[in-house]
Amino acid sequence: FGNAEKRAKLGAVIRSYFLMGGQELQINCVSKDTLRDAQVHPEWIARKKDGSIMTSYPMDEQTEPAAPRRNNLWTNLCPNTEYGTHLRKLTEEICDRYPVDGLFYDIVFQGDRCFCAKCRKDMQEQGMNPDSDQDAAVFFKEVRLQLMQELNQILHRYHPEGQAFYN
């Protein structure tokens, strides 16, 4: 959704598709662009307990976020950071501009815990142990559920019958 022209073209494609009887269209609101945004915002990156970067596949712990990667290797992002706010804004923009009947969030919630600075701080504020794998897993599950509820609310405010799918 880089500029007004691209947004207008996407809107025309969606409207045309539905007018022609289409019933399902997948538009990924989380893409390589979102992961590139994370390179600019390293505070969005999910972290292991030792502070290293959490990725889809093991990698050298010293690798910087902007370093070249395998095509199917992505950096996991933490929904408890401003990345969650970014997803809310993307969802709001899509729902406001386009006649969607649902949203598919691909690769949004990877991993089952995060030890980034924000998660550690929030866990401690809630009386949880930020060094506990069990507390981190419970906390991260609640973060994911809360964000899904908020994203669903945005979708339903614009499209009451819309469905959200999380991969």
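1. Axes here are lines fitted to C-alpha atoms, for helices over the stretch in contact, and angles run from 0 to 180 degrees between N-to-C directions. Two packed helices are described by the angle between their axes and the distance between the axes. Take H4 and H5 to begin with: their axes come within 11 Å and cross at roughly 100°. H4 and H5 are therefore roughly perpendicular to each other. The angle classes are: under 35 degrees roughly parallel, over 145 roughly antiparallel, 65 to 115 roughly perpendicular, and the rest oblique.

2. A word on the source. This is a predicted model, in which local features need pLDDT of at least 70 and side-chain atom pairs count only at pLDDT 80 or more, while totals for chains, interfaces and linings use all residues. Residues are numbered from 1 along each chain as its sequence is written, and side-chain values use heavy atoms, with hydrogens and water left out.

3. The overall layout. The chain has five helices and two strands. Their order from the N terminus is α-α-α-β-α-α-β. Helices (H or I, at least four residues) and strands (E, at least two) are DSSP runs, numbered from the N terminus. Of the 167 residues in the chain, 37% are buried. Buried means under 20% relative accessible area, exposed over 50%, and partly exposed in between (1.4 Å probe, protein chains only). Contact means heavy atoms within 4.5 Å. Among contacts between residues at least 6 apart in sequence, 64% join residues at least 24 apart.

4. Back to H4 (117-125) and H5 (residues 133-158). Which residues make the contact between H4 and H5? Cys 119, Asp 122 and Met 123 come from H4, and Asp 135, Ala 136 and Phe 139 from H5. By class, this contact has four nonpolar, no polar and two charged residues. Ala, Val, Leu, Ile, Met, Phe, Trp, Tyr, Cys and Pro count as nonpolar; Asp, Glu, Lys and Arg as charged; the others, Gly among them, as polar.

5. H3 (residues 82-97) also packs against H5: the axes come within 9 Å and cross at roughly 15°. H3 and H5 are therefore roughly parallel to each other. On the H3 side, the contact residues are Gly 84, Leu 87, Arg 88, Thr 91, Glu 92, Cys 95 and Asp 96. On the H5 side, they are Leu 147, Glu 150, Leu 151, Ile 154, Leu 155, Arg 157 and Tyr 158. The residues of this contact divide into seven nonpolar, two polar and five charged.

6. H5 itself. Its 26 residues should span 38 Å at 1.5 Å a residue, and its end C-alpha atoms are 38 Å apart, which agrees. The expected span is 1.5 Å times one less than the number of residues. Buried residues of H5 include Phe 140, Val 143, Arg 144 and Leu 147. Their cover includes H3, strand S1 (102-105), H4 and strand S2 (163-166).

7. Phe 109 sits in the loop between S1 and H4. Phe 109 counts as buried, at 13% relative accessibility. Not counting residues up to four places away in sequence, Phe 109 touches Pro 79, Arg 144, Leu 147, Met 148, Tyr 166 and Asn 167. The C-alpha atoms of Phe 109 and Phe 140 are separated by 9.6 Å.

8. Arg 47 lies in the loop between helix H2 (32-40) and H3. Leaving aside neighbours within four places in sequence, the contacts of Arg 47 include Pro 42, Cys 114, Phe 115 and Cys 116. The C-alpha atoms of Arg 47 and Arg 113, 66 residues apart along the chain, are separated by 8.6 Å.
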